[in-house]
Amino acid sequence: MKVKATASPYLLWMALFIIIPLGLVAYFSVTDRLGNFSLENYRASLAYSPVIFNSIWLAIIATVICLILAYPLAYNFSRKSANHQRTLILLIMLPMWMNFLLRTYAWMTLLENNGLINRFFGLFGLGPFEMINTSGAVVLGMVYNYLPFMILPLYSVMTKIDHSLIEAAQDLGCNSIQVLKNVIIPLSMPGVTTGVTMVFVPAVSTFVISRMLGGGSNMLIGDLIEMQFLGNAYNPNLGSALSMVLMVIILICMALTNMFEGVEEKEGMLL
Amino acid sequence: MSKWLSRSYIGLVLTFLYAPIFVLILYSFNQSKSRGHWTGFSLRWYEKLFHNDAILNAFMTTLLVAVIASVIATVLGTAAAIGIHNMRKRSRTAIMNITYLPVINPEIVMGVSLMLLFVLMGIKFGLITLILAHITFNLPYVILSVMPKLRQMDHYLFEAAMDLGCTPLQAFMKVTLPEIMPGIVTGFLMAFTFSLDDFNISYFVSGDKFQTLPILIYSMTRKRVSPEINALSAIIFIVVLLVLILVNINDVRREKELRKKEDALR
């Protein structure tokens, strides 16, 4: 039995609350305040390209760091006993229950010029180091907030990897690097692509982390958009155009990760 | 050696995740308002917290929105995942690509797009708009957690149950549902945490009357943070910790009982 109808409420919901609102953003982006067609908003967006590129760059760094940190961790978790796995995953999810504004605020406390870390260095006569209001602090905030979003999808895929596959590869003479390259990485690829999107998207579009940890000098594209809708610079048309630019960036990222997953699937089918 | 290495690596990551939270909790007991200086132990911020109506109201709003939105999203999303899984490849790929949209789509864009929609539809910003928005951004996460479980499931199991005389509903309840349950639970937990945590979308659709906790916290960090918020996060942390530990203990006990039963049958 192949039921498809259970998807219809969802399809309706999606049309009303995702497709139509996005249509509105597209419409606003190509009109002026009076509703006449105009490309002026996109021309105005071009002036902000340094901010846009800075956003992309910081988000890429944060995503890569998350992947490097999460991958061995998720694999480690997936090879532990069921009890251990449950406890460890709970430990990873627990901080997510704290609001990210509070977690980011906690880092402000730590990174400040007279914060805890600088006072610790001060004990040895070092510093104070300029840590807050730097792009490094923004990246740290991104990694800290979004690391669980990388660990969880990776873990959920890796825990399904049959350990006998790994043993079989070892029996067939693979060393641990070959096992990693030929068995674990291909089988965990869906987790990697999900994890990368789940970290990159909120990182590239954040406006809170940059405002709290970056000070005024590390503005991101999210800050620009927020200012157009709720700030003093009120201009939904320019804000919509900037949103379209942000979406194009994300769609390119999505196309790239889909391509990766597609390659792995094809290889899987050949085997 | 490698065991020691992996253990200390896990320890390091957990320290990274927890140290800032513990600092926050520690300073909730601080006597002075300062976030840098420790002047002595005190419970005054907890006392103040329980007399602060704005914070308590915001907390209730947050909880209400999160529960309603994540339950509806889990039911809708699981049904959707099953339906999508049963579709032919082309329509499945097309719908999954659109499902990725809200994930791919930055939260801030979703926030402003819903803001435009609600304004044009004439819906007043408040509880309803918050719940509608939260369901919308939760749905994809439920579907994305359930879909891999459906994909990894052996679909012959379902057919075998039918061959053995199950009705489709029985086969679904006895075979499919337990198989995909971990995905549903993950999806629900993610939806719930996303809802509790969400600031970026709520910020654009909440209006002034219904503040969720994150929105209230944000407005406080813009000026100065009241240590009451530290106290509140300490309480939330402890409650969540206790709930998760209890759930965990319960699961372990049930597993042990199951194993005992199996041994007795042998």
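**Exercise 1. How many helices and how many strands are there in chain B?**

Before we start: this is a predicted model, where local features need pLDDT of at least 70, side-chain atom pairs count only at pLDDT 80 or more, and totals for chains, interfaces and linings use all residues. Residues are numbered from 1 along each chain as its sequence is written, chains are lettered from A and ligands numbered from 1 in the order in which they are written, and side-chain values use heavy atoms, leaving out hydrogens and water.

Step 1. Take the DSSP runs, numbered from the N terminus: helices are H or I with at least four residues, strands E with at least two.
Step 2. Chain B then has eleven helices and zero strands.
Step 3. The radius of gyration (over C-alpha atoms) is 23 Å, well over the 18 Å from the globule rule (2.2 Å times the number of residues to the power 0.38) for 266 residues, so chain B is more spread out than a compact globule.

**Exercise 2. Work out whether B:T78 is buried or exposed, and what surrounds B:T78.**

Step 1. Locate the residue: B:T78 lies in helix 3 (residues 53–85) of chain B.
Step 2. Apply the cut-offs: buried is under 20% relative accessible area, exposed over 50%, partly exposed in between, with a 1.4 Å probe and protein chains only. B:T78 has 9% relative accessibility and therefore counts as buried.
Step 3. Follow the side chain: that of B:T78 reaches the backbone oxygen of B:T74 at 2.7 Å.
Step 4. List the contacts (heavy atoms within 4.5 Å). Neighbours within four places in sequence aside, B:T78 touches B:A73, B:V142, B:V146, B:I180 and B:I184.

Definitions and conventions
A polar contact is a pair of N or O atoms within 3.5 Å; within protein, one must be able to donate a hydrogen and the other to accept it, and residues adjacent in sequence count only if both atoms are side-chain atoms.
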